[in-house]
Amino acid sequence: MHATLDKESPFEPRLTAFVCNWCTYTGADLAGTSRLQMDANVRIVRLPCTGRIDPLFIIKAFERGADGVIVSGCHPADCHYTTGNYHARRRFAFFKELVEFLGLPEGRITFSWVSASEGQKWREIVNDATARVRALGPFASYPGTALPAFPATDPHPNSIATAKGAAR
Amino acid sequence: MRELRDLAAKLLSEGTVQVVIGWEDGPRGVRPAFVTDPAAARNLVFDERCTQNLVPYLSPRRAHVAKLGRPAVVVKGCDARAVAGLVRETQLKREDVVVIGVRCGGVVADPSSLEALSPATVADRCPGCTAREPHLADHVVGELPPPPPAESRRDARIAELEAMAPQARWTFWQEELGRCVRCHACREACPMCFCERCVADKTQPQWVESSPHPRGNFAWHVTRALHQAGRCIDCGECERACPVGIPLGLLNRKLAQVASEQFGHVPTDDPAVPSPVGAFKKDDPQEFIL
């Protein structure tokens, strides 16, 4: 990949991308098979549809250390489930206005439509979003935030599996 | 007032309803009353101290109220929108409740303060009210009082916050939300928060941290506001119930502005009008999507 995960660089953002299985994930796959070079800062979470993306996913990503989030799915009228992206569009309109009103700066969250054939567009979205978040700096150091990093040793403190493991 | 009491007594003695949910005088201002005896209907009152929305008592979560029998509920115009919301979202059948509407001239923000209605004491939502006469009601009682005083301070405060830099706004909200003790009174007081199991109570996985911690507080207040987006009927109960005075009304109002500006939706007491989340138009605005 591109030499962006440079050890010398003071800050490399971590971005989480919530993408739909049918368009953007396939588009990102196309970008990969086309050997397009792009920033390696994005971790993709594949979901069936943008309509499946609860805004809590995005909040959770920030809680667990993401500096930025990309949400992407099928273009309007292209949804595999016919209307999932229309519903998501309204939900994200509210979400975007709310988190910006709460003081999250524009640019930490990127919304886009990327179809299965738009590998090139996916590369641009990833590179642009990474550049924006890199300029904004780490989310954990955002002034006034009291959001400490999640303990890395115990990623799921409330899960039964972890409790059992600890007992053993 | 006499009209209200006579109507309540009549509904109870005729057996149309088994309980009338209204307001009565208490030791510290007015309080909710559950009148089951026609003779006790003379205790019912309605005036500018009747700030509390009584519609949450119709929520299917309130089994102890449902046990009293078929209810009649006294509503202001704003409260009637909550009845419409419950009917719209199939939590309540319209024919299962008798709605007694009262014509309203505004209520005070803090009913326990015992101060008269004035531009300084009026509830934030009242200035410019368009729902002073409930349309959904089976019976509408009382004369229409003069309109509530003053300009809305709320919209000015939102504009003021929006003019701030994002970081300053973040600091402001972190301080406000930082006081939250996660008692969830905002949820309990809300007529539209009727889920049997709230996402904030889930532990497997835990979506919202339950301790009063900045991280969980942020997640909770984003979630609460978003789940009310386009559904909030603007009764102000969440903010009034908040023991630490978080300006939740600003968040609700902000999302109401989005609903109105982007989707042309205003809170209504017509159950047939769909709420903006759960409906869509193919040409919804999408400038924010690349």
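## A walk through two chains

Start by selecting Val20(B) and Ala72(B): within E4(B), Ala72(B) is the bridge partner of Val20(B). Before moving on, note that the model is predicted, with local features needing pLDDT of at least 70, side-chain atom pairs counting only at pLDDT 80 or more, and totals for chains, interfaces and linings using all residues. Residues are numbered from 1 along each chain as its sequence is written, while chains are lettered from A and ligands numbered from 1 in the order in which they are written.

**The strands of chain B**

Now widen the selection to strand E1 (residues 19-26) of chain B and E4(B), which run parallel and are joined by three bridges. Strands here are DSSP runs (E, at least two residues), helices are too (H or I, at least four), and both are numbered from the N terminus. Two strands pair if DSSP finds at least two bridges between them.

Click on Val75(B) and you'll find its bridge partner in E5(B), Gly101(B). Show helix H3 (residues 77-88) of chain B as well, and you have a right-handed β-α-β unit made of E4(B), H3 and E5(B). Right-handed means that, with the strands pointing away from you, the path from the first strand over the helix to the second runs clockwise.

Which way do the residues of E4(B) point? Pro71(B), Val73(B) and Val75(B) go one way, Ala72(B) and Val74(B) the other, and all are buried. Buried means 20 or more other C-beta atoms within 10 Å of a residue's own (12 or fewer is exposed, in between is partly exposed), with C-beta atoms placed from the backbone. Five of the five residues of E4 (residues 71-75) are buried, so this strand is largely enclosed by the rest of the structure.

**Over to chain A**

Show both chains: 33 residues of chain B are in contact with 36 residues of chain A. Contact means C-beta atoms, placed from the backbone, within 7 Å. On the chain B side, helices H5 (166-178), H7 (214-227) and H9 (248-263) each give two or more residues.

Then hide chain B. Chain A has five helices and four strands, in the order β-α-β-α-β-α-β-α-α along the sequence. Select helix H1 (residues 24-33) of chain A, where the buried residues include Tyr25(A) and Ala31(A). The buried residues of H1(A) pack against elements including strand E1 (15-20) and helix H4 (119-136) of chain A. Last stop: Arg35(A), which follows H1(A) and has a positive phi, near 60°.

Notes:
Contact = placed C-beta atoms within 7 Å.
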